[in-house]
Amino acid sequence: MQMSGAQMVCEAIIAEGVTTVFGYPGGAIMHVYDEIYKQNGFEHILNRHEQASVHAADGYARATGDVGVAMVTSGPGFTNAVTGLATAYMDSIPLVVISGQVPSQLIGTDGFQEIDAVGISRPCTKHNFLVRSLEELPRLMKEAFYIARSGRPGPVLIDVPKDITVDIGEFIYPDSVDIPTYKPTYKGNKRQIEKAVEAMKDAKKPLLYIGGGVVLSNASDLVRELAQKTQIPAVETLMARGVLGAKNPLLLGMLGMHGNYASNMAMSETDLVISLGARFDDRVTGKLSEFAKYADIIHVDIDAANIGKLVDVDYPIVGDITEVVEAMLPQLDGIDTDRFEAWRNILNRYDELHPQSFVDSDDVIKPQWAIERIGELVGENAIITSDVGQHQMWAAQHYPFDRPRQWINSGGLGTMGFGFPAALGAKKAFPEKTVINVTGDGSILMNMQELVTAAEYKIPVINLILNNHFLGMVRQWQTFFYEKRYSETDLSFQPNWKALAEACGGIGYDVTTKEEFDAAIKDAIEQDKVCFMNVAVNRFEDVLPMVPSGGALFNMMLPQKVEGK
Amino acid sequence: MENSINERRVISVIVLNESSVLARITALFAGRGYNIESLTVAPIPESDMSHITIATNGSAKVMEQITKQLHKLIPVYKVIEHEEMVEKEMVLAKFPITEHLSDVGALCAAYNGGIVNVGKEMIIAMVADEPNRIKHFIEAAQRYNPSEIVRGGVVAIER
Ligand SMILES: Cc1ncc(C[n+]2csc(CCOP(=O)(O)OP(=O)(O)O)c2C)c(N)n1
Ligand SMILES: [Mg+2]
């Protein structure tokens, strides 16, 4: 069929089964927007900033596992999108971002709103394309989606010069992709898997180290089965919360800088680490030379470059977690689970000794209380997104995550401003679920313009602002490591949150007591409107335990003991 | 880490001929802090691929990462870490015609080369040899007051 390049872009999006696109128009992408106006194959959401468009597409992708799509114009539209690309890149989230570019003949002339998009995005995309001709446009669209979702997923940018969107040509969307230089490995090496299984049977103190790759691979059920069958205790990274489920007795908790005592001690004492889709991030390992010092390491990862990057690995397995665990399970028939009982008992005692606790208060809302409370009120039914800071860590520590994709946060890049637009994406994907963005009084302002988007499109997400009047996480480091010099972290000057939300078509709540908290959550769910819930919390609360940056995992600053616990 | 000594390594990267493929490779080296000692690139005859030869250095661990990170680039088809290779580098040098031409010629011949161009005031010599021999050649050539020396970067082929 004959059509314009702009129409091809839309047809490709529809052919990929995409139903929601987030974006923002401008000169170079106007022809595509003209086609968006004419079609009804997908809905377009106009965010109020391109960064938010990419985060929203990202939230959509994380909630569903499908490819998220965002569209921006050239120049500033694209540069605004870069933080979104980098955020998705660091967490391996499948996105296709389509950017307009100045007409081909103007490229290289410093034309109006010309910027080298493929150059800028090279280090923060899995791959990118500058479309050179109309003929290659359908194939490149197809490849963009394929590359984004296959292998180790990631964002792909496709930069389309304006003249190509105007040109008319034959549209044949390819059925399949063949890139001779790109063949991801899914099946793990059979011999290596056998050896790893033997190591699991021989270990005395094995530990499952579960990372975000398990979520990306949709392998949670299999990993639960693996834990169940072997009775090997497990720790989750920040990106893997929900994989085993909070109620799982084998789950010790989250490990790392703000991991709980039992998890970090388990990693310090284990004799066999079974790493599934985790990448030994410095926020997880602490001091590398002390990390899992007594252990052999099985490392399963779809990205060979992750294996052996930071720690030496004894059993490297390149492959998709799903396929590898599927291959492991039958080989583990009859494994002696009693063998690990003494080890499990030690770890349980560690947890009793220093549980993930906090000292509650009757005078002021403790942020940890607020998290546990929403867990009780909405629990399994909710999707929780977050921004970056103390509130993010409290959410990760205290929310009873029950399933994968229930917890959506920027782990790798740590992008403040991610949570609200990501919540919009998640809510678009699952309108029947309660979506709560756990945020801070600093972070929320970084994409607060999305109040308008949420109000216009009736995307009722709850922004739970754990308001400590501080850039709290930075303040915490200043308390511990900079002799309490609170350089530029005091946020005593605050907006009128309620009025701000209302001015943009949302609802505002000011909450200072536990009663008000319950009432506000209940009301917010009933109202079905976007809201800012401004919850005054204890200003100087710290996130604990904490492993000081660069320290060994077992050297934790621990919370005060709670009487009677 | 065992084996943290830096060693010189030559790798061949076979890539799809795409406009930005070289930029992707050099950006990867720059962004991850790897060294490039020399880099050569040319299309592979009768194919849509190119052969890039990179001389680099780093510990065994860094070399492993370089190889793996290169492999991750979508247009990269193959990465060969050379072990048993024949390695050559070409160099062009310009000498004043007033120097002893037969001496220059003999020097070049000793390093697999010769005089390739004679002008009114200058002669141009070319040699092709192993990189460390090229180094020696350049040292020896100083005696004849070269006005310009251009090195080509190494190419290598596995034995
Ligand atoms: C875009 C961006 N800028 C700066 C930072 C550094 N940073 C990390 S946490 C934090 C404080 C966040 O404050 P707030 O949102 O109020 O959360 P709190 O820690 O108080 O819960 C800052 C500034 C960041 N992660 N992202
Ligand atoms: Mg704060």
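1. Conventions. This is a predicted model, in which local features need pLDDT of at least 70 and side-chain atom pairs count only at pLDDT 80 or more, whereas totals for chains, interfaces and linings use all residues. Residues are numbered from 1 along each chain as its sequence is written, chains are lettered from A and ligands numbered from 1 in the order in which they are written, and side-chain values use heavy atoms, with hydrogens and water left out.

2. The shell around ligand 1. Ligand 1 is surrounded by 17 residues, of which Gln390(A), His391(A), Ser443(A), Gly472(A) and Met473(A) are the closest; a residue is near a molecule if one of its heavy atoms lies within 4 Å of it. At least two shell residues come from each of α16 (390-398) and α19 (472-481) of chain A, and α19(A) gives the most, with three residues. Helices here are DSSP runs of H or I with at least four residues, strands are runs of E with at least two, and both are numbered from the N terminus. By class the shell holds seven nonpolar, nine polar and one charged residues, where Ala, Val, Leu, Ile, Met, Phe, Trp, Tyr, Cys and Pro count as nonpolar, Asp, Glu, Lys and Arg as charged, and the others, Gly among them, as polar.

3. Polar contacts of ligand 1. A polar contact is a pair of N or O atoms within 3.5 Å; within protein, one must be able to donate a hydrogen and the other to accept it, and residues adjacent in sequence count only if both atoms are side-chain atoms. Oxygen atoms of ligand 1 lie 2.8 Å from a polar backbone atom of Gln390(A), 2.9 Å from a polar backbone atom of Gly442(A) and 2.7 Å from a side-chain N or O atom of Ser443(A). Taken alone, ligand 1 exposes 590 Å², and the protein buries 76% of that; accessible areas come from the Shrake-Rupley method with a 1.4 Å probe, and for residues only the protein chains shown count as cover.

4. Asp441(A) sits in the loop between β17 (434-440) and α18 (450-456) of chain A and Phe470(A) in the loop between β18 (462-467) and α19 of chain A, so the pair ties together parts that are 29 residues apart in sequence.

5. Thr125(A). Thr125(A) lies in the loop between α5 (117-121) and β6 (127-130) of chain A and is buried, with a relative accessible area of 4%. Its side chain reaches the backbone oxygen of Ser121(A) at 2.8 Å.

6. Chain B. Four helices and eight strands make up the secondary structure of chain B, in the order β-α-β-β-α-β-β-α-β-β-α-β from the N terminus. The C-alpha trace of chain B spans about 55 × 40 × 30 Å along its principal axes, and 43% of its 159 residues count as buried.

Notes: Buried means under 20% relative accessible area, exposed over 50%, partly exposed in between (1.4 Å probe, protein chains only).
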